[in-house]
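I opened this notebook to record what I looked up, entry by entry. The sequence and the structure come before the notes.

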Amino acid sequence: MQSSARNSRQKKWGRPFVLGVLLLFGFSAAVYRPRTSVFADSDTAMKETARRLAERVAAIPGLHGPLRLEWHPEEKWPEDEGARWLEMLRGEFDRRALPISGEAGAAALAVYAEETPTQVVLTARTQIGDRDEVRIVAVPRAVMPPVEASVAPVRLERQLLYEITDRILDAASLSNGAESGLGVLLYRNFELIALRLDSKGEVTQTVPLNVAGLKPARNPHGEMAPHGNQVAVELWGRTCDFSWDSPAEVKCRAEKSSSLERSAWRMGTALTSPCDESNWTVSEGGNDPTAREVLRLVPDGAIKGSSATVMSEFPGPVVNINAEQRGGSALLVVRNLRTGNYEVYRIKLVCGS
Amino acid sequence: MRFTESSWFAAASSTLLALVCGTMLAASPRYGGTLHVKLRAISVSLDPREWKPGSFAAAENEKLAGLVYDRLVTLDDYGKFQPVLATEWTRDGSARNWQFKLRPGVHFSDRTTLTPGEVVAALQATLGRSFEIAAAENAINIHASRPAPDLLEQLASGRNFVFRVQPDGTLLGTGPFFVTESTAAAPVEGNPAALKPARIKFQANENCWAGRPFVDFVEVTLGEPALRLLFDLQVGKADIAEIAPDLVRKGRQEGLRIWSSAPQTLVALRFDDALSAPASDDLREALWLALDRDTMANVLLQREAQPATALLPQWLTGYALLFESPMDLQRARGLRAGFSAGVAGAEQPLRLRVDAPGDLFKLMGERVAVNARQANLLVQVATSSSANAPASAVGLRLFAWHYDSLSPRAELEMFLKQVTEGGELPPNTTDPEQLFTQEHRLLEERRILPLVFLPDYVGVRATVRNWNASAWGDWRLADVWLEPEAAGAAKVPGNTQKDSSTARNPGARP
């Protein structure tokens with residue numbers, strides 16, 4: 001009997017028409033598609049989570065008077081991330097007439113922030129008489145804003161230009177008369193895509209590079225070289241050309257000498273110092289894809305490890321480097337190990353400091 | 001021969017070039033070689049339908065199954081679900097109806113194409129009857145009998161792999177490797193008392209949709225004793241080997257590179273049903289108060305474990321820190337003083353059976369008995385001769401539970417189904433506050449007394465590169481590559497030198 005009931009359900013569920021109707025009208029709540037940009041409003045998710053916790057705490061029966069907030073941020077977080085959360089929480093508690101006080105005699109309200117594999121969990125605990133009251137809210141980690149990496153003062157100046165959740169293989173400067181922009185080569189969902197960004201970092205063009213015969217790779221490596229509106233893209237075993245003006249026409253040819261064999265970024269990239277026109281070459285890198293990377297530039301003629309080396313630590317491994325025109329600056333692709341995002345930096349040497 | 005300035009310059013330049021190239025080579029991933037993996041398990045099953053949730057065996061099976069099968073989605077280290085066999089997914093507002101669009105052009109290792117029907121068949125077998133799964137055009141639809149906002153967590157963990165059952169009953173996958181050889185354990189020739197360990201050899205899937213893995217083969221040896229594994233790592237007979245928690249310190253002292261996961265195993269006590277009755281409330285409470293979890297974690301397990309006061313670990317729920325250590329010997333003794341005659345643990349010893357395998361867990365059982373004695377409670381660890389005593393004679397069991405799921409709700413549900421045999425299931429929600437309330441209530445019953453959380457420990461040789469296992473124990477071996485042995489490295493008989501030296505540069509495919 002049970003079995004026949006199950007068969008009947010399966011048969012009903014199997015009807016494509018029923019499913020089609022269900023899907024057409026029912027699926028609206030959440031959609032995953034590979035993302036093309038990140039974090040439109042960086043603080044919204046954080047504020048909303050703090051608001052929900054404050055609301056839940058304010059509703060605890062018998063909770064009155066000033067509260068002594070004991071803040072226990074996630075251990076892995078950098079100080080500024082914990083501070084941002086604390087500021088949000090204080091604001092939301094204040095808004096709900098839960099004044100936070102530093103007085104030792106005030107009732108303690110302990111708030112813990114913990115990261116699980118998928119969520120940030122905020123837990124508030126306080127005691128009303130001999131009763132423990134616990135309130136918990138959670139937010140998916142995937143919607144949380146990235147942390148602004150604090151940049152130590154260095155002689156190598158850097159500027160974060162763009163970040164995205166997809167794997168960036170390379171980035172190159174684009175200039176079209178007075179306008180400047182950025183070309184970004186992505187490996188998204190096992191497909192190659194070239195993005196054109198304007199000077200504000202907005203995507204103005206997306207070109208799927210459907211490269212026939214290109215096998216997926218565990219360590220995809222690509223380099224893009226723009227010449228005006230034409231772009232040459234070197235991949236593992238293939239070289240392709242396309243134009244931003246006619247992106248549907250992507251021409252590819254097989255290459256015997258695959259860039260996959262190099263599989264490391266452009267090691268010989270050099271920057272020119274604005275102070276004395278000397279050239280500084282990237283000396284090493286790419287040794288550990290699981291660690292933060294210290295980029296080292298050595299002036300021509302100096303030996304490795306000399307005190308003249310300029311160093312700058314990035315929040316993850318350097319994936320690629322691409323010198324810009326005139327050699328005064330370069331674009332650096334880095335995987336941020338904290339957020340998992342890929343980031344494009346412009347680096348240049350500055351005099352003094 | 002006179003060394004001219006120009007020839008000196010040329011020599012210096014070539015040396016510099018060689019140094020730079022050396023650096024570049026070190027930075028480049030390498031294809032080829034055999035990765036030697038050694039495990040303590042005597043046997044493994046690559047059929048996810050057979051795995052028993054919560055068991056050590058299921059955890060080891062899952063690690064190896066990840067070589068052969070893919071999932072619909074995976075979870076990265078940043079809390080984001082990443083597409084694998086599914087390229088897109090949607091769900092409705094009730095979280096009961098989900099649709100997964102399937103990646104086109106995915107092939108099994110025998111080069112046949114993966115179809116939506118095969119995905120349905122595999123997931124229907126692993127997800128169970130509370131999900132109805134149907135094939136659609138290049139997609140599958142999953143209808144849950146109750147809201148399943150944690151479906152992605154479930155699909156990204158546990159046994160929810162995609163596979164095809166062959167007519168002969170074997171399973172095929174779309175993953176980075178396939179099984180090429182499998183030999184069962186057999187008596188050693190000339191010494192029948194000794195066993196030659198079982199071996200499984202996995203070969204790289206050249207046509208894997210996500211790209212060929214770096215190593216050519218993964219050779220897994222099973223059933224190696226714990227101490228032997230440590231030795232094999234030292235002498236280069238293993239590239240990756242499990243390390244028993246009680247040997248981690250020794251391994252570290254000997255300079256081995258040891259990786260640990262987030263706590264993956266709960267070691268706990270469970271009272272039998274007869275002792276779960278209200279009449280035994282004081283006994284359960286007294287033992288709860290007498291347990292010295294800190295000493296177990298810090299002394300017995302040499303700081304390689306964490307005291308456990310919750311059923312689910314902190315890394316999974318985020319709220320386990322709210323369950324504080326309750327040790328209070330004074331109160332335990334006070335409760336014991338009020339016991340009436342005939343209560344187990346007073347005049348008659350409470351029998352403790354160790355259900356988890358290995359000497360370590362026996363030692364923990366003995367430690368429980370010592371703690372109980374400090375509160376004047378009598379606990380006797382069942383010896384091997386008394387292990388077959390009738391079930392009624394056993395009042396307490398020490399067991400280990402290995403976490404399988406990335407969903408706290410699903411994990412708690414599986415735990416309760418298996419451990420309490422039909423106890424109250426968690427609320428149908430992923431709301432952490434409700435899960436906390438449920439777990440709190442369960443712990444208040446004192447039928448299950450958590451002792452310690454244990455991480456998984458793995459020894460990894462320095463020549464294994466890009467070892468980037470997830471905190472929850474996914475080894476990600478397809479992304480690992482082997483660096484050649486350093487010149488002049490000690491050669492050991494039977495070492496893996498021969499295989500490692502076959503490593504090639506990328507692109508040089510066989």
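Entry 1, terms. I took a nonpolar core to be a set of buried Ala, Val, Leu, Ile, Met, Phe, Trp, Tyr and Cys residues joined through C-beta atoms within 7 Å. I note that the model is a predicted one.

I looked up the largest nonpolar core and found 157 residues in it. Its members Ile243(B), Leu451(B) and Val452(B) touch the most other members. Strand 21 of chain B, residues 448–460, supplies the largest share of this core, with nine residues.

I listed the contacts of Val452(B), leaving out residues up to four places away in sequence. The list includes Val267(B), Arg293(B), Met296(B), Ala297(B) and Leu301(B). Also included are Ala305(B), Gln306(B), Pro307(B) and Ala308(B).

I noted domain 1 as 34–39 + 176–257 + 461–500, domain 2 as 70–172 and domain 3 as 264–455. Taken over C-alpha atoms, the centres of domain 1 and domain 2 of chain B are separated by 30 Å. Five residues of domain 1 of chain B are in contact with seven residues of domain 2 of chain B. On the domain 1 side, I counted two nonpolar residues, three polar and no charged.

I recorded four helices and 21 strands in chain A. Of its 353 residues, 33% count as buried. Among contacts in chain A with a separation of 6 or more, 53% join residues 24 or more positions apart.

Methods. Residues are numbered from 1 along each chain as its sequence is written. Chains are lettered from A and ligands numbered from 1 in the order in which they are written. This is a predicted model: local features need pLDDT of at least 70, side-chain atom pairs count only at pLDDT 80 or more; totals for chains, interfaces and linings use all residues. Helices (H or I, at least four residues) and strands (E, at least two) are DSSP runs, numbered from the N terminus. A residue is buried if 20 or more other C-beta atoms lie within 10 Å of its own, exposed if 12 or fewer, and partly exposed in between; C-beta atoms are placed from the backbone. Two residues are in contact if their C-beta atoms, placed from the backbone, lie within 7 Å. Domain bounds come from an automatic or database domain assignment. Ala, Val, Leu, Ile, Met, Phe, Trp, Tyr, Cys and Pro count as nonpolar, Asp, Glu, Lys and Arg as charged, and the others, Gly among them, as polar.
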